[in-house]
Amino acid sequence: MFRMLLALAVVLSALQAGATHAAAAAAESEMDPYKILGVTKSASQAEIKKVYKRLAKEWHPDKNKDPGAEDMFIKITKSYEILSNEDKRSNFDRYGQTDDSHPYGGGHYGYHHDSFYFEDSFFNFPFNGRSQRDFADGKYVLHFNQYVNNVVPDSYRRPYLIKITSDWCFSCIHIEPVWKEVVQEMENLGVGIGVVDVGYERRLANHLGAHRTPSILGVLNGKVTFFHYAVATEHLRQFVEDLLPQRLIERVTDKNDLQFLNSWHELNKPHVLLFDQVPVVPLLFKLTAFAYKDYLQFGYVDQGLSETVNLQKQFNINTYAPTMLVFKESTDKPADIIQAKSLKKQIIDEFMANNKFLLVPRLVNQKLFDELCPVKQFHRRRKYCVLLITGDEDASSFGNQAFLSFASTNAKEVVRFAYVYQRLQQPLCDILLQNKDSTQSPASPTQVVILERRNAAGKTFFKPAMSWNGSEEDKQRLLEQLELLRRDPSILVHDAMLPVLNNEFASMFLVRWVSACYDYLFEVIDDILHNNWREMMPLLSLIFSALFILFGTVVIQAFSDSSEDKQTKPKAKDGRVENGSPGSGGSSSRPPKKNFVEVTELTDITYMSNLAKLRPGHMNIVLVLTDASKNILLSKFAKEVYTFTGSLTLHFSFLNLDKHREWMNSLLEFAQDAAQTDGGGSGSGSGSDDERGNPRVDYTGLVLAFNGHKKYFCMFKPVYTGEDPDAKTSEDESGGGGGAGRSRSHENHSNRKSNRSRSLSTLQIHHKLDRLGLWMERLVEGTLPRYHVPSWPGLDKITAAK
């Protein structure tokens with residue numbers, strides 16, 4: 001009985017502990033310090049401290065009588081404790097935990113070997129080093145989802161240094177002292193640190209392309225770069241510096257200082273100048289320039305150069321301590337300054353965060369608009385934006401300068417001033433100006449609008465635009481509107497859904513494409529130079545396979561072309577043109593060469609695709625022939641239409657009159673004007689009658705251009721331009737011989753006359769298509785008469801191939 005009670009007590013204790021742990025975990029999951037304080041994950045310590053003071057004052061139980069004020073105040077205090085401590089903040093960013101009892105988020109390096117079966121000493125092999133890494137590398141351990149969701153986006157603001165290791169890596173022991181020293185130095189400068197254990201995160205190691213341990217790599221802008229040199233402090237420091245872009249910071253001297261400072265209007269950014277004695281730009285300043293590259297323009301002044309003496313005198317720079325100046329719209333006087341013998345990252349970040357924007361910046365993209373005019377979150381945290389709508393040609397006008405002067409003297413925490421070029425942000429300006437106050441002067445080129453954004457979807461409340469000329473009356477009227485807005489926000493009487501702003505600084509597609517190609521080529525060269533042959537085998541195999549296929553194709557094509565030339569030369573002497581289907585009606589798959597055209601026969605099989613269901617905009621050029629005239633007309637047809645075969649909308653076919661005369665008669669019955677063709681002539685069946693006694697018209701040599709979609713056709717009628725078949729030859733005109741020879745020569749004369757008749761008949765058929773090229777030009781121009789038909793003759797008029 002006692003044992004049963006003891007077992008029951010143990011079970012109840014375990015259940016209670018599990019319930020307590022689950023409740024604590026649920027409370028932690030609801031505890032998001034960023035949401036409670038209303039700041040982003042990229043917020044600086046200065047911003048967090050500023051927001052905390054305001055919220056603590058607002059929700060203090062002694063001042064706020066709300067029933068939930070005390071709980072809210074506790075949450076605000078707890079959130080500030082987490083975010084103000086870099087270690088706790090980093091722990092929450094990585095693992096989402098706010099409890100100090102689990103500093104490493106329960107990762108593989110976060111637990112101790114307090115197993116029931118093994119003691120800690122069991123794992124303490126001299127070469128393992130795992131217990132040492134539990135505390136040294138535990139907080140830097142990366143998992144796949146963490147890398148994709150946190151590290152890659154954050155790499156657009158700072159570089160990451162990642163070590164690839166494993167529990168059984170003997171070489172990892174030798175680099176540990178250097179790695180610890182570099183981690184301590186780089187983390188203080190703002191570089192991200194990560195550790196990947198191949199034994200537990202094989203997926204992430206494969207994703208990074210790390211197949212060896214130990215390996216060290218850098219991540220910047222989502223791009224992975226491997227470290228290929230000896231693991232030394234100087235080499236790793238230089239590696240991190242080489243990851244950064246080369247043109248982040250401009251060297252400023254007495255010669256280019258005005259050009260540098262006056263570019264604030266073009267770049268729409270404040271300019272930062274660092275004065276220091278060292279000739280090399282400090283790494284901390286380079287990292288700061290990369291982190292704030294979207295907001296600030298950076299320059300460096302070497303105080304040891306004689307070319308910078310005037311600059312130091314102009315701004316009264318102390319030569320014994322680094323000095324940092326920030327310039328906004330005024331290039332004569334800095335807007336802010338810090339000076340210290342050792343500039344720490346936290347001090348620099350706070351300085352940059354307080355000077356990220358100009359006094360009156362221009363709205364150039366949606367990101368800047370979201371930061372200058374944030375969405376309202378609480379009733380007491382309203383943010384208003386005073387927007388000047390102007391033209392880019394009036395950038396230095398009196399009205400714009402007066403608006404800048406007004407903003408500098410009336411700057412408040414809840415009011416931000418900005419301006420926008422109407423031509424570059426036309427959709428936004430059209431919405432804000434559609435409810436323009438009719439009492440204002442419509443001729444004023446610049447307008448002022450006061451707005452408040454309500455949600456991220458674009459819903460905004462605003463006051464109708466009023467004209468702005470920069471006069472004292474305009475300033476007084478705008479000041480009165482702001483005072484009235486502070487007392488009564490309901491003066492923003494209009495609401496609208498604002499569109500997304502155009503990105504005025506977006507690079508062209510060609511520039512992005514060239515940059516991507518350069519990066520890819522650089523990666524390939526880097527892999528070829530530094531990767532081992534085992535890793536390079538797939539790439540080398542792909543390259544050699546492509547070269548082999550290319551070489552084989554060229555050789556086969558060369559031999560094929562030479563053999564075809566030999567076969568076509570004898571036929572060219574006879575004047576015949578070999579087509580893909582002169583005799584069989586099939587189509588050739590080879591591209592047309594000299595005097596070669598791909599011609600198909602119009603039969604019951606090809607009737608639907610080549611005529612009845614021809615695609616819109618396409619035409620089929622059909623030559624009408626007979627078995628007797630087939631070879632002659634096809635050869636001539638190919639030569640005449642060859643120059644038009646480059647068009648993808650023209651198709652070429654032929655119709656055998658001996659097989660499909662009934663279909664031809666039915667077609668021309670629909671268009672009586674087109675039926676008036678020239679009879680007679682040579683060709684098969686000319687001069688004979690059909691079974692019903694009707695004369696059979698000779699259609700040989702007709703060319704019809706069918707538009708199957710619009711149901712019309714154009715007709716080319718043969719025009720004979722060759723030799724007269726009735727003309728006499730020189731032999732006929734010469735005098736005859738004696739009577740004895742007349743009977744013998746009469747027989748020879750009859751044979752020659754018969755041969756000449758056949759030759760002239762062939763010549764006449766050949767010349768029927770003499771003017772087809774001119775007709776094709778008029779067809780392409782669209783100037784030929786068109787014969788419309790109500791419908792194409794039915795399939796019953798097309799007989800099967802005989």
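These are my notes, entry by entry.

**Ground rules.** I am working with a predicted model, where local features need pLDDT of at least 70 and side-chain atom pairs count only at pLDDT 80 or more, while totals for chains, interfaces and linings use all residues. Residues are numbered from 1 along each chain as its sequence is written, and side-chain values use heavy atoms, with hydrogens and water left out.

**Entry 1, strand E2.** I began with E2, residues 192–197. Helices (H or I, at least four residues) and strands (E, at least two) are DSSP runs, numbered from the N terminus. Buried means under 20% relative accessible area, exposed over 50%, and partly exposed in between, using a 1.4 Å probe and protein chains only.

**Entry 2, the partner of E2.** Next I looked at E1 (residues 160–165), which runs parallel to E2 and is joined to it by six bridges. Two strands count as paired if DSSP finds at least two bridges between them. In this pairing, I found Lys163 opposite Val195 of E2. With helix H8 (residues 172–189), E1 and E2 make a right-handed β-α-β unit. Right-handed here means that, with the strands pointing away from the viewer, the path from the first strand over the helix to the second runs clockwise.

How many disulfides does a search of the whole structure find? I got two, taking a disulfide as a pair of cysteine sulfur atoms within 2.5 Å.

- Cys169 is joined to Cys172, S to S 2.1 Å. The torsion about this S-S bond is about 95°, so the disulfide is right-handed. Cys169 counts as buried at 5% relative accessibility, and Cys172 does too at 3%.
- Cys373 is joined to Cys385, S to S 2.2 Å. Cys373 sits in the loop between helix H16 (366–372) and strand E10 (384–390), and Cys385 in E10, so the pair ties together parts that are twelve residues apart in sequence. Both Cys373 and Cys385 are buried.

Numbered in sequence order, the bonded cysteines pair 1-2, 3-4.
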